[in-house]
Amino acid sequence: MPNYTVTIATGNQWFAGTDDYVYITLVGSEKCSERTLLDKPLYNDFERGAVDSYDVRVGEDLGDIVLVKIEKKKYWMQDDWYCRYVTVKTPDGDYVEFPCFRWLVDDKEVVLRDGRAFLPQDDKTSLVKQHRQKELDTRRKTIRWKEWQPGIPMSIDSNKHRDLPRDIQFDSEKGVDFILNYSKAIENLCVNRFMHMFQSSWSDFGDFEKIFVRIKNTISEYVMQHWKEDFMFGYQFLNGCNPVLIRKCTKLPDTFPVTHEMVSVSLEREMTLEQEMEAGNLYIVDFEILEGISANCTDPQTVQYLAAPICLLYKGVQNKILPIAIQLGQNPDKNPIFLPTDGQYDWLLAKIWVRSADFQYHQNVTHLLRTHLITEVFAIAMFRQLPAVHPVFKLLIPHIRFTIAINTKAREQLICEHGIFDKANATGGGGHVQLIQKATKDLTFRSLCFPDAIKSRGVDSEEDLPTYFYRDDGYKVWDATKSFVSDVVSIYYNSDERVREDEEIQAFVKDACSFGMQDFDHCEFPKSLKSLDELIEYLTVVIFTASAQHAAVNFGQLYLGMYPDEHFIEKPVKAAMEKFRKKLSEITGFIKGRNEGKKLPYYNMSPDKIPNSVAV
């Protein structure tokens with residue numbers, strides 16, 4: 001009598017185990033096994049982190065094991081169970097792996113394919129084709145598009161985190177981690193203690209130091225000591241939390257009438273302002289997008305304001321980027337130009353207004369829109385259009401993990417009406433939505449391609465701008481990621497025709513554009529992919545946006561290149577992963593060496609500090 005050995009691994013998440021009845025059915029190419037009870041309640045199998053093995057006896061050989069069906073039936077009270085993987089040992093001694101990495105909820109059956117990745121055109125039997133389609137049909141019923149606000153990328157159709165499908169919620173451990181980190185952040189920033197400071201005018205520059213009281217590290221202490229100085233102000237546009245706005249100034253805006261006479265004392269070469277501009281020594285940051293955005297008025301007793309500044313920056317002979325002129329509004333008839341030669345506090349306050357505008361842009365556009373919301377678009381389209389057996393699903397799943405969950409939490413607690421944004425930000429009370437809507441009109445697919453974004457701002461030359469570490473490190477991580485993506489997808493696609501014939505990948509791309517981006521004419525997201533190169537670039541954008549770009553404007557915890565959930569089983573893919581990890585390690589070593597001895601080291605793009613996904 002043939003004997004199959006089934007090994008099942010339970011996850012390490014909190015409450016991942018189960019005391020329910022667990023059944024399994026092996027589906028072979030020739031026959032199916034009987035539905036077999038593996039565990040009874042209170043047998044202490046399927047505990048958290050456990051790996052349990054069972055014999056499944058059948059009357060005759062089943063052929064190649066194609067599918068595995070797992071069922072969990074309630075015993076006393078419903079408890080979810082997280083299954084990591086199932087391995088089947090055949091009577092011939094062969095092992096077949098079935099990745100799961102899913103929660104079994106209620107009394108629903110989960111059907112698994114073996115761990116090999118297949119494109120849709122490579123599935124030949126009706127059995128696997130039907131399984132593939134059924135999986136997508138089920139996902140599309142529970143993962144739906146919804147417009148959170150008009151004129152911005154679409155979101156998941158769920159108002160609360162607890163209403164999300166179980167597999168895209170935070171797992172128990174991550175959920176607790178979110179709550180603890182949220183509370184810790186509030187405590188560290190003393191938001192509760194200093195909330196009245198956000199809702200009233202500050203009377204002393206010393207108030208800023210109170211914000212730093214609970215944030216103690218070498219960089220923060222250095223910033224606290226030097227935040228008033230011009231070199232620190234300029235440096236932050238290169239390597240601060242919003243290093244995406246500075247651009248080469250080749251022509252002054254008509255709305256910004258700076259003259260040579262105004263700034264001549266700040267110029268270090270024997271050149272006119274026009275000559276400095278022609279030589280490539282002038283840079284500009286223009287917050288025109290903030291013009292007309294409503295300031296926060298949630299507290300009727302506190303009048304709040306927003307500026308839409310223009311800041312001219314100069315590269316001196318020591319390659320430091322220094323501010324030389326600031327105008328706090330777009331209308332020059334109503335807004336004077338502030339200069340470093342003005343009174344000490346006039347100039348300092350002008351810089352503070354610029355930094356305030358930079359904060360609003362960073363939080364709402366650079367961070368929320370261009371990493372969180374865009375990654376959610378890719379995530380929803382992936383779940384709706386790519387089954388778990390698709391190689392691109394396996395490639396992307398670690399990089400979109402928890403993104404839908406964190407964004408839903410944000411809409412539930414942070415950027416909702418009366419949320420933290422409304423209490424502590426000048427764009428709260430609806431201004432943040434206006435800002436995201438305006439920024440979406442400028443968002444294009446090409447602007448998400450890191451090299452294109454850098455070049456479009458004229459800041460791609462290391463010789464011209466030698467201290468732009470965000471750019472330098474970003475190039476390295478982008479190239480390593482693109483090389484990794486190329487290595488993986490080339491295993492499954494050996495021609496452009498294979499890409500064009502893949503109906504699922506084409507549906508994924510179209511869903512992201514036509515639904516996620518609502519077919520906005522200006523966005524120029526691809527509606528189809530015609531070549532292998534286009535596919536590689538597209539997937540590189542997805543992974544880079546969710547990992548490195550988010551890390552550069554946020555902070556890191558779960559690191560790039562580490563894939564604890566083994567969705568791929570093929571040796572060539574594992575070799576590509578190892579090659580990727582090696583390259584990332586080399587980049588980490590380079591960055592560590594460069595940072596040694598620096599008072600302001602830049603680690604935000606260091607691979608050992610880049611999260612795999614937008615999960616925080």
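Reader: Is His367 buried or exposed?
Author: His367 is buried, at a relative accessible area of 11%. Buried stands for under 20% relative accessible area, exposed for over 50% and partly exposed for values in between, with a 1.4 Å probe and protein chains only. The model is predicted: local features need pLDDT of at least 70 and side-chain atom pairs pLDDT 80 or more, while totals for chains, interfaces and linings use all residues. Residues are numbered from 1 along each chain as its sequence is written, and side-chain values use heavy atoms, leaving out hydrogens and water.

Reader: Which residues does His367 touch?
Author: Leaving out residues up to four places away in sequence, His367 touches His362, His372, His550, Val553 and Asn554. Contact here means heavy atoms within 4.5 Å.

Reader: What joins the side chains of His550 and His367?
Author: They are joined by a polar contact of 3.4 Å. Such a contact is a pair of N or O atoms within 3.5 Å; within protein, one must be able to donate a hydrogen and the other to accept it, and residues adjacent in sequence count only if both atoms are side-chain atoms. His550 is also buried, at 0% relative accessibility.

Reader: And where is His550 placed?
Author: His550 lies in helix H18 (residues 532–552), whereas His367 is in helix H9. Helices (H or I, at least four residues) and strands (E, at least two) are DSSP runs numbered from the N terminus.

Reader: Which residues does the UniProt "binding site" annotation cover?
Author: The unreviewed UniProt entry lists His367, His372 and His550. They are spread over 184 residues of sequence but cluster in space, with a largest C-alpha distance of 7.9 Å. Such annotations may be inferred rather than shown by experiment.

Reader: Changing topic, which members of the largest nonpolar core touch the most others?
Author: Tyr493, Phe508, Phe525, Tyr538 and Leu539 do, in a core of 126 residues. Helix H9 (residues 344–385) gives the largest share, 18 residues. A nonpolar core is a set of buried Ala, Val, Leu, Ile, Met, Phe, Trp, Tyr and Cys residues joined through side-chain atoms within 4.5 Å.

Reader: What is the order of the strands in the open sheet?
Author: The 4 strands run S4-S1-S6-S7, with antiparallel pairing. Strands S4 (51–57) and S7 (95–104) stand at the edges with a single partner strand each, so one side of each lacks a neighbour in the sheet. Two strands pair if DSSP finds at least two bridges between them.

Reader: How many bridges join S1 to S6?
Author: Strand S1 (residues 3–10) and strand S6 (residues 81–89) are joined by 6 bridges. Val6, for instance, has Val88 in S6 as its bridge partner.
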